[in-house]
Structures are given as structure tokens and as C-alpha cells.
Amino acid sequence: MATTFTSSPQTLGRASTSGDLWLFAYGSLMWRPDFEHLEAVPARLSGYHRRFCLYSHVYRGTPGAPGLVLGLDRGGSCWGRAFRIAAAQVHDVMLRVDRRELLQDVYCRRTLPIRLGGRGASGERVRAEAYVVNRTNPQYTGRLSTEETVALIRQ
């Protein structure tokens, strides 16, 4: 099944600031950023947690036998990395990241407060762009039992 990019030209690559921009990463963006950045530091996002909450028909399954992928869902908190992107690169970087993350409308980009610094550190609070699950998308699983989650991951 071909993936589609559903962001509108008006929102594609749009950033919430005219200066440097922070981007919060919690999964593949953290391990393989694929974009230029000035720095990368540990960060914590409160109000969202990582959870297997998205059916995958592309990367880890098919429409007939979906797998599961992680998303940022409401509640709790999540440790990840924050990347600082230079103001001059914000548009190009966010265009590239939006094309990567906003496939099939399963994520929404939000500007959220994060805290910079490692575990136990009371670092600086900044606002960052983050990709959270779109709970209205049919690929959103809602609450699955542990058994359902394990079965979908194993298949």
C-alpha cells in the first residue's frame, strides 16, 4: 500500500517561531534525525507518553494483519531528545520532517512545553514541536489489553 502525505500546503513545514526552533523526538527521529541541528539534548515532555497505540499497515504489517507502532498519547510523560534547529533552517527542516512524520494523518504536530536536561535535572523549559497521535484517525487503537498488544506485535 502506498503511503500518502496529507498535510496541506498551508501547514507543511510551518514553524511556530521566527527564531531557532526546538523539536522533541521520542522514536525514530531520536535515533535517525536526518536533518541539520545545532544541538541535541535529553528532554522530557509532560502530558504525553509513548505507547503502542497505532495500527501499522505499512512498516510493521498489512491492512489484513496490522502491526503496532509507538505514538505519543495523552497522559504521563516521556523522555526523549530535543533538537535545536537554526532559524535559517527551520522551514526546510520542518518541511522534511513533516513529510516523514505526517503520513496518512496518524500524527499531528503540536507546539508543547518541554524541559531540557537529563534525568533528575531541572533544566530550562522551552516550547518544542512534537508529533502526537491523531486520536480521530482510524489507525488509532484506543486502549488495547496487554494480550492484544502482544498479539499484534508478534504477528
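How much space lies in the largest pocket?

1. Basis. This is a predicted model, in which local features need pLDDT of at least 70, side-chain atom pairs count only at pLDDT 80 or more, and totals for chains, interfaces and linings use all residues. Residues are numbered from 1 along each chain as its sequence is written, and side-chain values use heavy atoms, with hydrogens and water left out.

2. Pocket volume. The largest pocket holds about 630 Å³ of space. A pocket here is an open set of points on a 1 Å grid over the protein atoms alone, where a 1.4 Å probe fits, with protein on both sides within 12 Å along at least five of seven lines; lining residues have an atom within 4 Å of a point. Grid points are joined across faces, edges and corners, and the volume is the space filled by probe spheres set on the points.

3. Pocket lining. The lining has 26 residues, and Ser28, Tyr59, Val69, Glu101 and Tyr107 are the closest to the pocket centre. By class, 15 are nonpolar, 7 polar and 4 charged (nonpolar: Ala, Val, Leu, Ile, Met, Phe, Trp, Tyr, Cys and Pro; charged: Asp, Glu, Lys and Arg; polar: the others, Gly among them). At least two lining residues come from each of strand S1 (21–25), helix H1 (28–31), strand S2 (39–56), strand S3 (67–85) and helix H2 (90–101).

4. Chain. The protein chain has 3 helices and 5 strands, in the order β-α-β-β-α-β-β-α from the N terminus. Helices (H or I, at least four residues) and strands (E, at least two) are DSSP runs, numbered from the N terminus. Of its 155 residues, 46% count as buried (under 20% relative accessible area; exposed is over 50%, partly exposed in between; 1.4 Å probe, protein chains only). Among contacts (heavy atoms within 4.5 Å) with a separation of 6 or more, 73% join residues 24 or more positions apart.

5. Strand pairing. Two strands pair if DSSP finds at least two bridges between them. S2 and S3 are antiparallel over 16 bridges, one of which sets Ala43 against Gly80. S1 and S3 are also antiparallel, over 5 bridges; Trp22 is partnered with Arg84 in S3, and Leu23 stands opposite Phe83. S1 and S5 pair in the parallel sense over 2 bridges, with Leu23 bridged to Glu129 in S5.

6. Strand S1. Because 5 of the 5 residues of S1 are buried, the strand is largely enclosed by the rest of the structure. Leu21, Leu23 and Ala25 lie on one side and Trp22 and Phe24 on the other, so both faces are covered.

7. Glu101. This residue of helix H2 is buried, with a relative accessible area of 11%. Beyond four places in sequence, Glu101 touches Ser28, Leu29, Tyr107 and Tyr131.

8. Val133 in strand S5 (residues 125–133) is buried at 8% relative accessible area. Its C-alpha atom is separated by 9.8 Å from that of Arg51, 82 residues apart along the chain. Gln139, in the loop between S5 and helix H3 (146–154), is buried at 10%. Leaving aside neighbours within four places in sequence, the contacts of Val133 include Cys53, Leu54 and Val106, and those of Gln139 also include Cys53, Leu54 and Val106.
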